[in-house]
Amino acid sequence: MHFTRYSFLALILAPHLLAAPSLSFNTAVEQFIEHNYDLKIARQEADKSKADLTTAQRRPNPILSGSYDYVDGNHHFKDMSPAAAALATLHLDHPIELGGKRSRRIETATAGIAYAYSLLEETKREQLFTLIDAYYQVQADVAELDNSIANRRDFEKLLTIAEAKYSNGFLSEIDLEKLQLQLIDYDKEVNSNTAALSSDTEALALLLSMKADDINIPAIVPPEPFLKSVNDLISYAQQNRSDCLAAQENIKVSNASVELEKANAIPDVTVGIETENYAPTYETLYGISASIPLPIYDRNQGAIQKARITALQSSTQQSKVLEQAASEVRQSYIQYQSQQSIYTSMQHGYESAKKLKEKQEKVFALKGISILELLDAQKSYREYQRNMTQAVIGLHVAAAQLKLASGLTLTDSTPR
């Protein structure tokens, strides 16, 4: 009986004893940013914007054209046709952009690159919320599993005392059976927590592009408290949060687009050189040409108007983003304070339940109490234990989310 129980515990503990090196939250963040598939795709998407700059830097290509007209095929292309003298023409045109179009294109493309990488940083920030939930869920699972294993081990010791008391006539058979049946509940708890840990570790491994066997989450400890006021955090967020910076870069792109459309309204000049040869002597004659569109109908006014409205939209969008950042910081700060209060109050309840459990176990071992009282104390302690774990996890999650909402880095262990 004892051999079977301890063999069961050995199988449960074996993965912990042979686990991979501990994966801290900071290391997980670095692994996530470097190797997450969604972030790789987002990074490649931002890299595409560099191609716009390459295109913007290119000048218009010259145009080469030629013709050979009025040729009499019956005379082997040597004599005049009956209609007119054969004519060979070669023409080279080169467009010249006016109004600084190329420099405006480069300016717009450069601003677009900065905007694209600001969006990449915002994508990282948004995706990190997913990592926070996944990492701390695994850490909660680890704590729950370790607690359930420890609770089962302690209950086995209690069951051993109960069997000895039963053998000496100090405990009824029905009370012993109640305790033995309770062991099934402990086993179910261990198995359930083991399955949850395995499933959630697989989900975290996918986010980190790692193997589940290489993930070993350390024991949880309470985070350091935030000392900054909510107003300081809002100010920092509006100046440093990636979506606020992206909104600012979007204004630069919009303003550059307005200037580009204004430049596009200026007509370009096309200059050319030409050679002509007439049969039968085919002496070469030269000519030059120039052309410019007459802006009688300025069809670019619509594009300029549209660009100006887009610039106005980007300014309105920035105001919205700044207000949204402030609102999210306030919400996150309230949530963090709430979790801090829950954690503080749960500490007192957990310590009381633990003392009651230990007291009841001693009384049972030395004197003897009602089995129902003993089991109630065990149940109350386990409930407080679970709630305490969730309180610590909730505090970690709230602290990490407050950091992201405030534009702080998650790997900074010292709250600013």
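Q: Is Phe 155 buried or exposed?
A: Buried means under 20% relative accessible area, exposed over 50%, and partly exposed in between, with a 1.4 Å probe and protein chains only. Phe 155 has a relative accessible area of 1%, so this residue is buried. Tyr 186 also has a relative accessibility of 1% and counts as buried. This is a predicted model, in which local features need pLDDT of at least 70 and side-chain atom pairs count only at pLDDT 80 or more, while totals for chains, interfaces and linings use all residues. Residues are numbered from 1 along each chain as its sequence is written, and side-chain values use heavy atoms, with hydrogens and water left out.

Q: How many aromatic pairs are there?
A: A pair of aromatic rings is described by the distance of the centres and the angle of the planes. Rings of Phe, Tyr and Trp (its six-membered ring) pair if their centres lie within 6.5 Å; planes under 30 degrees apart count as stacked, over 60 as edge-to-face and the rest as tilted. The count by this rule is five aromatic pairs. For Phe 155 and Tyr 186 the ring centres are 4.6 Å apart and the planes are at 20 degrees, so the pair is stacked. The pair links distant parts of the chain, with Phe 155 in helix H5 (residues 101-167) and Tyr 186 in helix H6 (residues 173-208), 31 residues apart. Elsewhere, Phe 25, Tyr 135 and Tyr 136 form one aromatic cluster.

Q: Which residue lies over the face of Tyr 186?
A: A charge sits over a ring if NZ of Lys or CZ of Arg is within 6 Å of the ring centre and within 35 degrees of the ring normal. Over the face of Tyr 186 lies Arg 382, at 4.2 Å from the ring centre. In another case, the charged end of Lys 165 sits over the ring of Phe 364, 4.3 Å from its centre.

Q: With which residue does Asp 185 form a salt bridge?
A: A salt bridge is a side-chain nitrogen of Lys or Arg within 4 Å of a carboxyl oxygen of Asp or Glu. The partner of Asp 185 is Arg 382, and their closest N and O atoms are 2.9 Å apart. Arg 382 is buried, at a relative accessible area of 7%, whereas Asp 185 is partly exposed at 31%.

Q: How many salt bridges does a search of the whole structure find?
A: The search finds 17 salt bridges. Among them is the one between the side chains of Glu 97 and Arg 105, at 2.8 Å from N to O; Glu 97 is partly exposed, with a relative accessible area of 25%. Another joins Lys 252 and Glu 249, at 3.7 Å from N to O. These two residues are three apart in helix H8, so about one helical turn separates Lys 252 from Glu 249. Lys 252 is partly exposed at 43% relative accessible area, and Glu 249 counts as buried at 16%. Salt bridges that share partners also join Glu 122, Arg 125, Arg 241, Asp 243 and Glu 328 into one network.

Q: Which residues of helix H7 are buried?
A: In helix H7 (residues 230-240), the buried residues are Leu 233, Ile 234 and Ala 237. Seen down the axis of H7, they fall within an arc of 100 degrees, so they line one face of the helix. The arc is that of the directions from the helix axis to the C-beta atoms. The face of H7 turned away from the buried side carries the exposed residues Asn 231 and Gln 239.

Q: What covers the buried residues of H7?
A: Contact means heavy atoms within 4.5 Å. The cover includes helix H8 (242-264), helix H9 (301-366) and helix H10 (371-406).

Q: Where is Leu 145 found?
A: Leu 145 is in helix H5 and counts as buried at 3% relative accessibility.

Q: How many helices and strands does the protein have?
A: Helices (H or I, at least four residues) and strands (E, at least two) are DSSP runs, numbered from the N terminus. The protein has ten helices and four strands, in the sequence pattern α-α-α-α-β-β-α-α-α-α-β-β-α-α. Of its 416 residues, 37% are buried. Among contacts with a separation of 6 or more, 82% are between residues 24 or more positions apart.
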